[in-house]
Amino acid sequence: MKSASSGLPGRKVCYHLQTPALAFLGTNERPIYFASGRRTFAMPEDKPRFEDRVAEIRMRFLETVPDRLKEIREAIQTPENSDPEETQLRKAHRMLHDMTGSAAMLELDDIEGAFRRALRIAEVADAKNTPFNSEELVIINDALADILGALGQENASAQNQNQD
């Protein structure tokens with residue numbers, strides 16, 4: 001078996017010749033096999049898995065949603081010219097865009113879909129630079145209510161996974 005440094009501190013790469021081989025740099029490391037079966041990397045076990053890191057980010061995002069919805073509601077109901085640096089339309093558009101993108105990246109499909117409905121209204125109003133009319137406000141508020149419903153479902157699902 002040949003071995004070489006991976007160039008990363010604390011990691012060693014093993015290249016297999018005929019039989020599988022493992023290289024451990026210490027007791028807290030474990031092998032990871034690639035689909036080809038030809039390489040093994042030794043990695044510390046205390047490093048969080050990618051899926052665990054994404055799950056943690058998803059939970060933090062879900063925890064912030066109620067406060068962000070409150071900020072969005074305030075933005076769509078606040079009269080213009082209250083902020084000299086950013087119009088309320090632009091602020092609502094920006095916040096909805098951020099939340100839609102974050103929900104999409106975290107694969108929260110129901111939440112993303114509801115944010116996207118509100119975002120479409122905000123994009124058009126911002127492009128025309130016209131305040132939201134009463135019908136648009138109803139659509140946005142309905143979408144925000146749907147987000148709260150989807151948030152409850154996501155939280156219930158996450159609690160069930162944590163119990164398993």
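The questions and answers below concern a predicted model.

Q: What makes up the protein, and in which order do the elements run?
A: The protein has 4 helices and 4 strands. From the N terminus on, the order is β-β-β-β-α-α-α-α.

Q: How many of the residues count as buried?
A: The protein has 164 residues, and 29% of them count as buried. The cut-off for buried is under 20% relative accessible area.

Q: What share of the contacts joins residues at least 24 apart?
A: Take the contacts between residues at least 6 apart in sequence. Of these, 48% join residues at least 24 apart.

Q: What span does helix 3 reach, and what is expected?
A: Helix 3 covers residues 109-128, which is 20 residues. From its first C-alpha to its last, helix 3 reaches 28 Å. That is close to the 28 Å expected at 1.5 Å a residue.

Q: Why are helix 2 and helix 3 called roughly antiparallel?
A: Helix 2 (residues 88-105) and helix 3 pack at an angle of about 150 degrees. Angles over 145 degrees count as roughly antiparallel. The two helices are therefore roughly antiparallel to each other.

Q: How far apart are the axes of these two helices, and which hand does the crossing have?
A: The axes of helix 2 and helix 3 are 8 Å apart. Helix 2 passes helix 3 in a left-handed crossing.

Q: Which residues of helix 2 and helix 3 meet?
A: From helix 2, the residues include Leu89, His93, Leu96, Met99 and Ala103. From helix 3, they include Ile111, Phe115, Ala118, Leu119 and Ala122. By class, this contact of helix 2 with helix 3 has 11 nonpolar, 3 polar and 5 charged residues.

Q: Which residues of the two helices are buried?
A: In helix 2, the buried residues include Leu89, His93, Leu96, Met99 and Ala103. In helix 3, Ile111, Phe115, Ala118, Leu119 and Ala122 are among them. Helix 3 also has charged residues that are buried, including Glu112 and Asp126.

Q: What makes Phe61 a buried residue?
A: Phe61 has 9% relative accessibility. Buried means under 20%. Phe61 therefore counts as buried.

Q: Where is Phe61, and which residues does it touch?
A: Phe61 is in helix 1 (residues 50-77). Leaving out residues up to four places away in sequence, Phe61 touches Met99, Ser102, Ala103, Leu106 and Leu108. Phe61 and Ala103 are 42 residues apart along the chain. Their C-alpha atoms are separated by 8.2 Å.

Q: How do you know that Ala150 counts as buried?
A: The relative accessibility of Ala150 is 7%. The limit is under 20%. So Ala150 counts as buried.

Q: Where does Ala150 sit, and which residues is it in contact with?
A: Ala150 is in helix 4 (residues 134-163). Apart from neighbours within four places in sequence, Ala150 is in contact with Asp110 and Ile111. Ala150 and Asp110 are 40 residues apart in sequence. In space they are 6.1 Å apart, C-alpha to C-alpha.

Q: What makes Pro131 an exposed residue?
A: Pro131 has 61% relative accessibility. Exposed means over 50%. Pro131 therefore counts as exposed.

Q: Where is Pro131, and which residues does it touch?
A: Pro131 is in the loop between helix 3 and helix 4. Not counting residues up to four places away in sequence, Pro131 touches Leu89 and Glu136. Pro131 and Leu89 are 42 residues apart in sequence and 6.9 Å apart in space, C-alpha to C-alpha.

Q: Why is Glu107 called exposed?
A: Its relative accessible area is 61%. The cut-off for exposed is over 50%. So Glu107 is exposed. Glu107 lies in the loop between helix 2 and helix 3. Just after helix 2, Glu107 takes a positive phi of about 60 degrees, although Glu107 is not a glycine.

Q: How do you know that Asn129 is exposed?
A: Asn129 has a relative accessible area of 54%. Exposed means over 50%. Asn129 is therefore exposed. Its place is in the loop between helix 3 and helix 4. Asn129 is not a glycine, but it has a positive phi of about 55 degrees.

Definitions and conventions. Residues are numbered from 1 along each chain as its sequence is written. This is a predicted model: local features need pLDDT of at least 70, side-chain atom pairs count only at pLDDT 80 or more; totals for chains, interfaces and linings use all residues. Side-chain values use heavy atoms; hydrogens and water are left out. The expected span of a helix is 1.5 Å times one less than its number of residues. Buried means under 20% relative accessible area, exposed over 50%, partly exposed in between (1.4 Å probe, protein chains only). Axes are lines fitted to C-alpha atoms, for helices over the stretch in contact, and angles run from 0 to 180 degrees between N-to-C directions. Angles under 35 degrees count as roughly parallel, over 145 as roughly antiparallel, 65 to 115 as roughly perpendicular and the rest as oblique. A crossing is left-handed if the near helix is turned anticlockwise from the far one by less than a right angle, and right-handed if clockwise. Contact means heavy atoms within 4.5 Å.
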